[in-house]
Amino acid sequence: PTVDKINITVSGDLNYKSTLYDKQGKILSITYNQPVIDINRFPSGVYFLEIEDINTQKRIIDQIIIGK
């Protein structure tokens with residue numbers, strides 16, 4: 001579990017968008033090309049992080065567990 005931030009590592013010079021969703025699919029945060037997302041304001045629980053390549057629209061989704 002993570003507590004205060006999510007670190008994003010991408011290979012190469014990727015132009016990307018990060019979207020954090022709750023379990024119901026509600027968008028909580030959208031960032032562009034930021035390697036760190038501050039999650040201090042979100043309660044403990046299960047979330048989903050989508051990383052999308054802006055140029056190709058390819059995306060991956062990972063489950064994130066926030067534990068306080």
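User: Which strand is glutamate 50 found in?
Analyst: Keep in mind that we're looking at a predicted model. In this model, glutamate 50 belongs to strand E5.

User: Is glutamate 50 buried or exposed?
Analyst: The cut-off for buried is under 20% relative accessible area. Glutamate 50 comes in at 6% relative accessibility, so it counts as buried.

User: What is the order of the strands in the open sheet?
Analyst: Strands like these pair up through backbone hydrogen bonds, parallel or antiparallel. Here the open sheet has four strands, and the pairing is antiparallel. At the edges sit strand E3 (27–32) and E6, each pairing on one side only. Put together, the order reads E3-E2-E5-E6.

User: By how many degrees are neighbouring strands of this sheet turned against each other on average?
Analyst: Let's stay with the open sheet of four strands. Ignoring direction, its neighbouring strands are turned against each other by an average of 20°.

User: How many bridges join E2 to E5?
Analyst: Strand E2 covers residues 16–21, and E2 and E5 run antiparallel. One spot to look at is tyrosine 21, standing opposite phenylalanine 48 in E5. The number of bridges joining E2 to E5 is six.

User: And what is the bridge partner of phenylalanine 48 in E6?
Analyst: E5 and E6 pair in the antiparallel sense, over eight bridges. Over in E6, the partner of phenylalanine 48 is glutamine 63.

User: Which residue takes a positive phi in the hairpin of E2 and E3?
Analyst: E2 and E3 run antiparallel and are joined by five bridges, and tyrosine 21 has isoleucine 27 as its bridge partner in E3. The hairpin leaves five residues between the two strands. The one with a positive phi, near 90°, is glycine 25.

User: What kind of aromatic pair do phenylalanine 42 and tyrosine 47 form?
Analyst: The structure holds one aromatic pair, and both phenylalanine 42 and tyrosine 47 are buried. Their ring centres are 6.1 Å apart, with 45° between the planes. Planes under 30 degrees apart would count as stacked and over 60 as edge-to-face. That makes the pair of phenylalanine 42 and tyrosine 47 tilted.

User: Which residues are closest to the centre of the largest pocket?
Analyst: The largest pocket has a volume of about 210 Å³. Among its 15 lining residues, the closest to the centre are Ile8, Thr9, Val10, Ile51 and Ile60.

User: Which elements give two or more residues to the lining of the largest pocket?
Analyst: By class, the lining has eight nonpolar, two polar and five charged residues. The elements giving two or more are strands E1 (5–7), E5 (45–53) and E6 (59–66).

Notes. Residues are numbered from 1 along each chain as its sequence is written. This is a predicted model: local features need pLDDT of at least 70, side-chain atom pairs count only at pLDDT 80 or more; totals for chains, interfaces and linings use all residues. Side-chain values use heavy atoms; hydrogens and water are left out. On a 1 Å grid over the protein atoms alone, a cavity is a set of points where a 1.4 Å probe fits but cannot get out, and a pocket is an open set with protein on both sides within 12 Å along at least five of seven lines; lining residues have an atom within 4 Å of a point. Grid points are joined across faces, edges and corners, and a volume is the space filled by probe spheres set on the points. Ala, Val, Leu, Ile, Met, Phe, Trp, Tyr, Cys and Pro count as nonpolar, Asp, Glu, Lys and Arg as charged, and the others, Gly among them, as polar. Two strands pair if DSSP finds at least two bridges between them. Axes are lines fitted to C-alpha atoms, for helices over the stretch in contact, and angles run from 0 to 180 degrees between N-to-C directions. Rings of Phe, Tyr and Trp (its six-membered ring) pair if their centres lie within 6.5 Å; planes under 30 degrees apart count as stacked, over 60 as edge-to-face and the rest as tilted. Buried means under 20% relative accessible area, exposed over 50%, partly exposed in between (1.4 Å probe, protein chains only).
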